[in-house]
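Visitor: Could you walk me through this one with a few questions?
Guide: Gladly, have a look first.

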Amino acid sequence: MFAYYLDLALRSLKRNKVLTALMVLAIAVGIGASMTTLTVLHVLSGDPLPGKSGELYYPQIDPQDARGMMPGTLPPEQVTLIDGMNLLRAKRADRQALMEGGAVPIQPDSSAFDPFYVEARYTTADFFAMFDAPFRYGHGWSGADDEAHARDVVITRQLDDKLFNGADSTGRALRIGGSTFRIVGVLDDWRPNPHFYDLGTGSYDYYEQVFMPLQTALELHFDRNGSVDCWGNGTGGQEGSAYPSPTCAWLQFWVELDSPAKAAAYKQFLIHYSEEQKTLGRFVRAPNVQLRDLMQWLDYNDVVPSDVRLQAWLAFGFLLVCLVNTVGLMLAKFMRRSGELSVRRALGASRRALFAQLLTESGVIGIAGGAGGLLLALLGLWLVRRRPSDYAALAHLDPEMLAVTFALALGASLLAGILPAWRACNVSPALQLKSQ
Amino acid sequence: MTLHPILAALKKHKAGVILITLQIALTLAIVCNAVFIISQRVDRIHRPTGLDEANLFQVNQLWVNAPTGNDQASIDKLDAMQRADVEILRQLPDVESAVAINSLPLSGNNWSGGIRLKPDQKTSTAHASFYFGGWQMVHVLGLQLIAGRDFTATDQRHRGFREKTVPPVVIVSKALADALFPNGDAVGKSIYMNNDVPPSTIIGVVARMQTPTIASWAKDFAFNTILIPARMDANFSGYAVRAKPGRLEAAMREAPRALFAANPMRVIETSGDYEDRTVHSFAEIRAYAYRADRGMAILMGVICVILLCVTGAGIVGLTSFWVGQRRKQIGIRRALGATQRDILRYFQTENLLIAGAGVVLGAILAVGLNLWLMKQFAMDRMSLAYVLVGILVLLLLGQGAVFAPARRASKVSPVEATRSV
């Protein structure tokens, strides 16, 4: 039966090529535009660590002074070095890491390269296991290496390719900023998007190539990057030191907690810590803590650019207009065939059969529109990639979005077919036949 | 011609009429708001920075193995390196003037803070961005001094990147002067920058100077700026260079070459996107800063055009169908004496009625959509002129789209009346 309807549909579509082309085009343009922006939105608001993000939390505490204190103010978005080290050493979470971004000069031994700067991350031992960073060779460093200010470094596959032609470089020496480091591990391709663990250095398309123990980097006075939030007499740089004063929050602290109960307990710990620090006189304000998980943290930071959200809404409006347009055209097409449909009804076809036949026809238009929409979406994404914004390079269609494209096209065209089909099969056959 | 027969005929096609009305309404609502967004972005892209932008370019560079900048001796060393660079740039044949400056408007490299009028003030009076550089900044950037005096060589200071020193004198932008001293008597007054004590004295006011960032969080102080006659000494430095008229490209080629010749231990990239460590003309900095706005404006424009085409095509399709369906009736009217012109008029009037209903509904939707966008995306209120122009455009589009099918209808011969089917 379906094959027969399909045959009828194709015949009918062939009969009025201009109208058919208009309908297919309308669906295709609507689908193409909405898929382009939806894909960008999907890529940007995606989960950087699927399966793991629910266990990662970003603790915030409030060590600020009384100046400018108002009820309901949020704690700083980063931690001070003292609090970071205290929380790190307390080891109250399953895993924890304190970190900061920076840039370091690499001085290769071979004369083939001039010294060059790369983005670096100064962090602590748990970083790699906590964020599921895959190792190609070797491994990270240990907590003991952290405390010992070990000259250990983990590099990315990209840097390994550049310096050692992709060979296993673990155990080899690397000159960084005038000091000799030992390569302990080489990361495989790992580019979480957005760059969730430090949004201050750029949310998208920002990748470090070198990872080293935080305390080693601090000891060597390596350059740091990112925002600093100071209060009291704090300044972004102290005299005689490369780093902000004690009354500045400038590091990121992450913890891994594998159950909601542990998360609740950790929040209690943060409150106790704040109270304890207040008793000691370091904190002035009443405990003001936050413990957001990864996705809540991204949401709180409005990581998806508002332009992208606006474009997605616009594309949906666009799809709506195209859909209304298609409904109108289908209505015109189906009603025009009242005569033919009346003959079928008179010959014994049920309303249900006619309805199925007409929906098959709109389904065919939907599939053709979906295919056209896919081409337009690929073209749209290609145009987006050519735009020089930092997230543009990420705009690719994945299989999931591909399936969504077709589902949306088919759904939209069937939806557009329901009203016209229902109207068309309610035509009274006797009246229609008589009037001819 | 009376409207009665047209309305009577439309009643027979309720679903089609409602759909096309809805489509025109949605199109009007979306197009009005899209054009409004475009015009806002275009205004934003073209707003002046206050600089004389032609012939201006920026050199950003980084020294490799530079002194640390953590003690006075190494700060002095860095300052000497910076002064040497400026001198080299000034000597170039195609260069008119050059000055060290840590950042430029639109460059993205922003340092800002709160400004207080009293040292013990709890919240700051205004927020402003700081520019640190040589005392010739006003001249090299082409800023317009409207009150007080310019810096002189004796005002010049230099400071380590992380040092906390207070400049005795500063020049502020008019926007900041007005925010701090609404009576217009800013010159000679003292201000406290960040948590710095003692205060700095305002010696001059420039007409306009934009901050380095155009990010939305900084839009409340977009033109609040302070010029500080102190070179910033760090392992990186930036220079604003004014080329002789028409010699911009030559000067941009010469500059990195001359700097490398004097000291090769540095990083200056001469191509690629605008970033630290690059040489770029101000036009390139502007284009890079507003790239997202330009992209948004183009996208909105494309969507408007396609949307209008889709709606036009929809009208053509639906009217063609109606014409096909009414051939017999048209034939009868023709046989009864209606001229071709009458038939044409009939379809044109019919379309005007439908489009008229569509634009009335669309105007309401457009204002509603604008209100929603104001709430969701902090957009401004759209002027009604956009809606009025949009109404006119859609009515014209409707008439344009209906013309071909209506003409075909007018060509229907009276003989059709005698044929069945």
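Visitor: Which strands of chain A do the buried residues of α8(A) pack against?
Guide: Keep in mind that this is a predicted model. The buried residues of α8(A) are Tyr266(A), Leu270(A), Tyr273(A) and Ser274(A). Their packing partners in chain A are β1 (56–60), β12 (252–256) and β13 (290–293).

Visitor: Within what arc do the buried residues of α8(A) fall, seen down the axis?
Guide: An α-helix has 3.6 residues a turn, so residues three or four places apart point the same way. On the other side of α8(A), Ala261(A), Ala264(A) and Thr279(A) are exposed. The buried residues of α8(A) line one face of the helix, because they fall within an arc of 95 degrees.

Visitor: How far apart are the end C-alpha atoms of helix α8 of chain A?
Guide: This helix covers residues 260–280, and at 1.5 Å a residue its 21 residues should span 30 Å. The model agrees with that expectation, as the end C-alpha atoms are apart by 30 Å.

Visitor: Which residue follows α8(A)?
Guide: Look for a positive phi, near 90 degrees. The residue with that phi, coming after α8(A), is Gly281(A).

Visitor: Turning to chain B, what is its radius of gyration?
Guide: Along its principal axes the C-alpha trace of chain B spans about 105 × 50 × 30 Å. The domain assignment gives domain 1 (4–44 + 292–418) and domain 2 (66–264), with C-alpha centres 55 Å apart. For a compact globule of 421 residues the radius of gyration would be near 22 Å, but for chain B it is 32 Å.

Terms used
Residues are numbered from 1 along each chain as its sequence is written. Chains are lettered from A and ligands numbered from 1 in the order in which they are written. This is a predicted model: local features need pLDDT of at least 70, side-chain atom pairs count only at pLDDT 80 or more; totals for chains, interfaces and linings use all residues. The radius of gyration is taken over C-alpha atoms; the globule rule is 2.2 Å times the number of residues to the power 0.38. Domain bounds come from an automatic or database domain assignment. Helices (H or I, at least four residues) and strands (E, at least two) are DSSP runs, numbered from the N terminus. The expected span of a helix is 1.5 Å times one less than its number of residues. A residue is buried if 20 or more other C-beta atoms lie within 10 Å of its own, exposed if 12 or fewer, and partly exposed in between; C-beta atoms are placed from the backbone. The arc is that of the directions from the helix axis to the C-beta atoms. Two residues are in contact if their C-beta atoms, placed from the backbone, lie within 7 Å.
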